[in-house]
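Here are a few notes to read alongside the model.

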There are 2 protein chains.
Amino acid sequence: MTEEPTITTIAQHAGVSIASVSRVLNGLPTKAETERKVMSAARELGYVPNSAARSLKSRRSNQIGFAMADIGNPVYLAMIREIQPIFKAAGYRLVLHSTDADTADEIDVLRGLGERYIDGLIMIPLRLTGEHLTMFAAARAPIVVIGSVPEDAPVDNVRTDSRAGVRLAVEHLHGLGRRRIGFVNGPLDTVPGAARSAAYAEALAALGLPYDPGLTQVGDFYRAEGARAAARLLDRVPDLDALLCANDLIAFGALDVLRRAGRRVPQDVAVAGMDDTDLATLAWPPLTSVSLGSAERGRAAAELLLDKLENTRRAPRVVTVEPRLVVRASTDPSRIPGEEAP
Amino acid sequence: MTEEPTITTIAQHAGVSIASVSRVLNGLPTKAETERKVMSAARELGYVPNSAARSLKSRRSNQIGFAMADIGNPVYLAMIREIQPIFKAAGYRLVLHSTDADTADEIDVLRGLGERYIDGLIMIPLRLTGEHLTMFAAARAPIVVIGSVPEDAPVDNVRTDSRAGVRLAVEHLHGLGRRRIGFVNGPLDTVPGAARSAAYAEALAALGLPYDPGLTQVGDFYRAEGARAAARLLDRVPDLDALLCANDLIAFGALDVLRRAGRRVPQDVAVAGMDDTDLATLAWPPLTSVSLGSAERGRAAAELLLDKLENTRRAPRVVTVEPRLVVRASTDPSRIPGEEAP
DNA sequence: AGGCGTTCTGTAAACGTTTACAACGGCGCC
DNA sequence: GGCGCCGTTGTAAACGTTTACAGAACGCCT
């Protein structure tokens with residue numbers, strides 16, 4: 001008990017060679033008698049295979065990595081909830097990396113692929129630098145990127161059409177008669193920030209609304225800063241009648257601010273978020289939000305990666321998830337819960 | 001580029017032995033000239049050390065495990081947010097295990113300690129079986145359990161005084177004049193379920209209130225089932241004026257049901273949760289909740305484990321986090337946001 | 001100049017597996 | 001009875017590190 005048992009220990013106890021032990025443990029054909037001896041010795045000694053030795057020899061770690069900006073964001077959480085069971089079922093462990101959206105950190109994770117402690121990686125970079133692309137090209141293990149990536153990048157890619165998503169929301173608000181539609185965005189140097197900013201301007205144009213830069217306020221992607229950004233916007237444009245937020249967390253901050261300012265939602269200001277997180281139905285009023293299919297994207301990423309692990313040489317693939325508008329009471333007063341007709 | 005470079009490759013390129021390469025890479029004293037040659041060869045070849053080989057030799061994986069029932073629960077999330085950066089700073093990666101509160105699964109994770117792919121484990125078992133205790137005793141690597149564990153178990157333990165927490169909540173509701181205080185609990189065969197059930201009865205007794213078993217309803221620890229359980233309770237006891245929920249998720253479900261039933265919160269029914277998750281301030285009305293110090297518990301667990309990793313022989317320790325009642329509008333109408341005096 | 005100590009380097013073994021290859025025994029067949 | 005074949009087993013090498021140990025180079029002192 002004091003020494004950790006290895007296949008050598010088992011071999012001695014069972015009176016066979018280590019090769020036989022290994023064969024039995026891996027289910028290769030063996031004489032019943034040998035198998036019996038080995039199995040009983042293994043059980044008796046409480047043998048557990050050493051994963052480092054196994055990895056060293058087999059060149060597989062049975063681990064996959066998931067790198068995101070911040071595990072506190074419910075979007076990533078929704079993805080993990082899909083990804084985790086898929087890999088667990090396939091015999092992989094999940095190694096988590098929370099990078100704080102720090103590029104250097106993300107590059108470190110990519111370098112980690114070279115250490116071979118993970119067999120593959122799902123990554124969600126908020127910013128995409130040349131260094132990322134270089135590392136993608138040099139990577140020794142398959143990578144799936146969630147979020148848009150150049151066409152020729154040698155990685156699988158799961159994306160969502162956030163352009164279409166923003167359009168859905170803007171059209172919805174416009175359809176409700178709102179004309180002063182503010183936009184609270186995250187940093188413009190992030191992939192989603194940039195995409196949503198462009199999409200917002202486009203959507204307004206398509207509806208024949210003027211694009212007023214003063215209607216946009218940039219902050220970050222969290223609730224507290226979302227509240228501050230919304231407050232600034234509200235100060236500057238007191239007569240806005242709708243607020244589109246680049247994600248749900250920002251929208252929650254905006255709801256806090258509007259409530260404190262005594263604006264009724266949705267009567268005075270309609271509010272819409274993006275991501276359609278679980279939390280949207282918890283907020284008051286329940287939040288209209290553009291679903292970007294977080295769960296689907298997580299599942300798609302996991303499946304792409306699993307497939308690529310088995311089928312190493314296949315060409316990179318792109319999966320696109322369609323956005324979908326989920327209307328709730330924060331834009332549509334007829335949906336306020338507890339006030340429905342019976 | 002086609003062959004993964006190893007220290008052998010580097011040694012050839014630099015014209016030194018593999019021992020020298022290893023020494024340079026590990027910062028052991030070397031002649032400046034050698035160091036220069038090795039470093040430049042390593043950089044040129046894009047060398048990355050192989051973690052399996054390193055682990056095999058050093059007997060450390062630089063990974064730690066975190067096992068919880070379900071990563072979707074915001075309590076565990078709050079813990080991870082504390083734990084992740086602590087271990088990252090100390091050079092460890094975090095391996096996630098979501099066990100669905102399945103005992104067999106948890107035992108598997110414990111067995112994993114023997115595979116040595118993690119150097120230590122933080123675990124939150126919802127149920128604690130004899131098998132758990134056996135595995136704790138046999139474990140080759142340090143374990144920290146969050147949640148109560150027998151005094152003599154050979155593991156570090158971070159607990160919270162949920163008894164005191166329940167008492168705080170019941171006293172608060174009683175102080176508001178509520179006398180028909182319902183209790184929506186999770187399964188009684190779980191550690192927290194059992195503790196909270198006993199504490200609820202005790203707290204009532206201490207206040208001289210009768211204990212009416214009909215005021216208790218058992219479900220699970222999630223929102224949907226929380227809603228169903230609350231609905232059943234409400235059907236059975238239409239005149240209850242307060243509802244204590246064994247965690248916040250249950251409370252959110254209860255809020256849904258009460259709203260649909262046309263009961264005003266807090267005027268008709270005061271609602272309190274436990275865990276004081278982030279989401280409590282998102283709900284409507286904002287949820288009064290007993291903070292069980294999730295973040296503190298996470299941090300404490302991480303620190304205990306790190307300490308134990310450095311100081312292997314020290315005796316098991318117990319850290320207790322005190323609960324704290326956070327009063328919000330779901331029990332106290334004077335706190336409804338947007339209605340404060342200026 | 002010889003001996004000694006210091007500093008650095010190389011050789012080789014070890015960590016615990018998997019697996020190519022050879023050896024072995026038993027069996028059927030001619 | 002010898003041959004070949006098959007199924008099973010053992011030996012040994014390999015995976016990429018770290019590290020104990022011995023040896024080499026060098027400067028310094030007497």
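**Notes on rings and strands**

1. Start where the chains meet a ring: A:Arg93 lies over the face of B:Tyr117, at 3.4 Å from the ring centre. In turn, B:Arg93 lies over the face of A:Tyr117, also at 3.4 Å from the ring centre. A charge sits over a ring if NZ of Lys or CZ of Arg is within 6 Å of the ring centre and within 35 degrees of the ring normal.

2. A word on the ground rules. This is a predicted model, in which local features need pLDDT of at least 70 and side-chain atom pairs count only at pLDDT 80 or more, while totals for chains, interfaces and linings use all residues; side-chain values use heavy atoms, with hydrogens and water left out. Residues are numbered from 1 along each chain as its sequence is written, and chains are lettered from A and ligands numbered from 1 in the order in which they are written.

3. Rings of Phe, Tyr and Trp (its six-membered ring) pair if their centres lie within 6.5 Å; planes under 30 degrees apart count as stacked, over 60 as edge-to-face and the rest as tilted. For A:Tyr200 and A:Tyr211 the centres are 6.1 Å apart and the planes are at 70°, so this pair is edge-to-face. Ring pairs also link A:Phe183, A:Tyr200 and A:Tyr211 into a cluster.

4. How accessible are these two tyrosines? A:Tyr200 is buried, with a relative accessible area of 1%, whereas A:Tyr211 is partly exposed at 42% relative accessibility. Buried means under 20% relative accessible area, exposed over 50%, and partly exposed in between (1.4 Å probe, protein chains only).

5. Chain B has its own pair: B:Tyr200 and B:Tyr211 are edge-to-face, with 6.1 Å centre to centre and 70° between the planes. B:Tyr200 counts as buried at 1% relative accessibility, and B:Tyr211 is partly exposed with a relative accessible area of 43%.

6. Now please trace the sheet. It is open, has twelve strands with mixed pairing, and runs in the order S11(A)-S5(A)-S4(A)-S3(A)-S1(A)-S2(A)-S2(B)-S1(B)-S3(B)-S4(B)-S5(B)-S11(B). Strands (E, at least two residues) are DSSP runs, numbered from the N terminus, and two of them pair if DSSP finds at least two bridges between them. Strand S11 (318-321) of chain A and strand S11 (318-321) of chain B stand at the edges, each with a single partner strand, so one side of each is left without a neighbour in the sheet.

7. A:Ile64 stands opposite A:Leu94 in S2(A).

Notes: Helix = DSSP H or I, 4+ residues; strand = E, 2+ residues; numbered from the N terminus.
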